[in-house]
Amino acid sequence: MTYQAFAQLHQHHAELHDSLELDSGVQLAAWTNRNDRITQQANHHTLSLYVADGYQCYHKGRVGWHNGGAPDRFCFMPKESESVWDVRGAVSFVHLYCTDHHLMTLAEQTFDRSPASLRLDKRVFANDPQITSLYRQFLLGHAWQEKSNRLLLSSTANLLLNHLLSRYCEFDWRLPAVRGGLAPNVARRVCEYIEQHLDQPLPLSVLATEAGLSEYHFARMFKQSLGQSPHQYLQARRLARADTLLTASALSITEIALACGFSSTSHFSNCYRTARGQTPSALRRNR
């Protein structure tokens with residue numbers, strides 16, 4: 001899908017630094033821009049976080065231009081809302097695009113409600129520590145093109161969207177409490193699926209579908225059953241496979257990295273050293 005806000009920025013001075021389609025209906029994009037005037041109206045929702053600068057960003061509201069941009073300020077533009085921006089200096093920001101269909105489906109699965117439509121509140125130059133934390137710690141702290149990060153990134157996007165629904169929707173929706181873990185046969189099936197697909201990206205939606213649950217409920221029930229988040233468990237299983245291949249096979253470090261779901265040898269080596277205290281090459285030398 002082509003997201004209109006994404007396409008419109010391409011037609012202006014904005015420079016795209018990275019982008020990733022996380023799932024059907026969700027995409028990330030990292031931008032910088034300066035000295036630009038943009039009018040946007042899109043057929044999807046856009047959640048934006050200012051990463052750096054932005055002090056000279058102005059938004060045109062009902063009573064004229066308003067300035068309030070700064071690092072960690074967020075803007076949320078619901079579907080069909082028009083926004084006019086005057087960027088008079090430099091700004092670095094990250095967009096999360098989400099289709100209305102995806103958000104509706106997420107709302108129905110998470111909150112067990114089926115509204116005829118979703119009406120979310122527009123926000124400009126706002127503060128929300130949870131949005132900032134999720135962006136900074138997870139979306140900005142991990143390489144988007146590294147396939148071993150796909151589960152973490154998709155899980156974070158899911159948390160952000162659920163937060164929007166619970167805090168910035170016209171309905172008073174509270175995230176449901178999840179009690180109890182996965183049924184033993186479901187936990188076993190999901191773990192077997194993970195083991196058979198360790199070389200694949202494995203976004204959260206795939207594992208939730210395997211369990212027959214919504215992404216929200218699956219992530220929480222998985223942690224209650226396994227004691228780790230899906231991303232932590234998957235990373236541990238990848239490293240365990242790497243241990244086996246490093247000590248019991250003649251595969252090269254690059255081949256082992258790919259077999260364990262890492263896109264590059266360098267990323268595999270960094271993850272392995274962080275977890276094991278030494279690089280894969282050092283382990284083989286010291287065997």
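In this predicted model, the largest pocket has a lining of 16 residues, and Leu152, Ser155, Leu159, Ser229 and Pro230 are those nearest its centre. Its volume is about 400 Å³. Three helices, α4 (150-167), α7 (215-226) and α8 (230-248), each contribute at least two residues to the lining of this pocket. By class, that lining has seven nonpolar, six polar and three charged residues.

The second largest pocket holds about 240 Å³. It is lined by 15 residues, with His102, Thr105, Gln109, Ser205 and Glu215 closest to its centre. Two or more lining residues come from each of α2 (100-111) and α6 (204-211), and α2 has the largest share, five residues. The lining of the second largest pocket comprises three nonpolar, ten polar and two charged residues.

The largest cavity has a volume of about 210 Å³. Among its 15 lining residues, Ser48, Tyr50, Trp85, Phe93 and His95 are the closest to the centre. Strands β2 (26-41), β3 (44-53), β6 (74-77) and β7 (82-99) each give two or more residues to this lining, the largest share being the five residues from β7. The lining of the largest cavity has ten nonpolar, five polar and no charged residues.

The second largest cavity is lined by Leu22, Asp23, Val26, His102, Leu106, Ser154, Ala157, Asn158, Leu161 and Glu215. Elements supplying two or more of these residues are β1 (15-23), α2 and α4, and α4 gives the most, with four. Five of the lining residues are nonpolar, three polar and two charged.

The volumes are collected below.

| Space | Volume |
|---|---|
| Largest pocket | about 400 Å³ |
| Second largest pocket | about 240 Å³ |
| Largest cavity | about 210 Å³ |
| Second largest cavity | about 80 Å³ |

Helix α6, which contributes to the lining of the second largest pocket, also packs against another helix. The axes of α5 (residues 184-196) and α6 come within 9 Å and cross at roughly 140°. The two helices are therefore oblique to each other. The crossing of α5 past α6 is right-handed. On the α5 side, the contact is made by Val186, Arg189, Val190, Tyr193 and Ile194, and on the α6 side by Val206, Leu207, Glu210 and Ala211. Seven of these contact residues are nonpolar and two are charged, with no polar ones.

Notes
Residues numbered from 1 in each chain as written. Predicted model: local features only at pLDDT ≥ 70, side-chain atom pairs only at ≥ 80, totals over all residues. Heavy atoms only, no water. 1 Å grid on protein atoms, 1.4 Å probe; cavity = no way out; pocket = protein on both sides within 12 Å on 5 of 7 lines; lining within 4 Å. Points joined across faces, edges and corners; volume = space filled by probe spheres on them. Nonpolar A, V, L, I, M, F, W, Y, C, P; charged D, E, K, R; others polar. Axes fitted to C-alpha atoms, helices over the stretch in contact; angles between N-to-C directions. Parallel < 35°, antiparallel > 145°, perpendicular 65-115°, else oblique. Left-handed = near helix turned anticlockwise from the far one by under 90°. Contact = heavy atoms within 4.5 Å.
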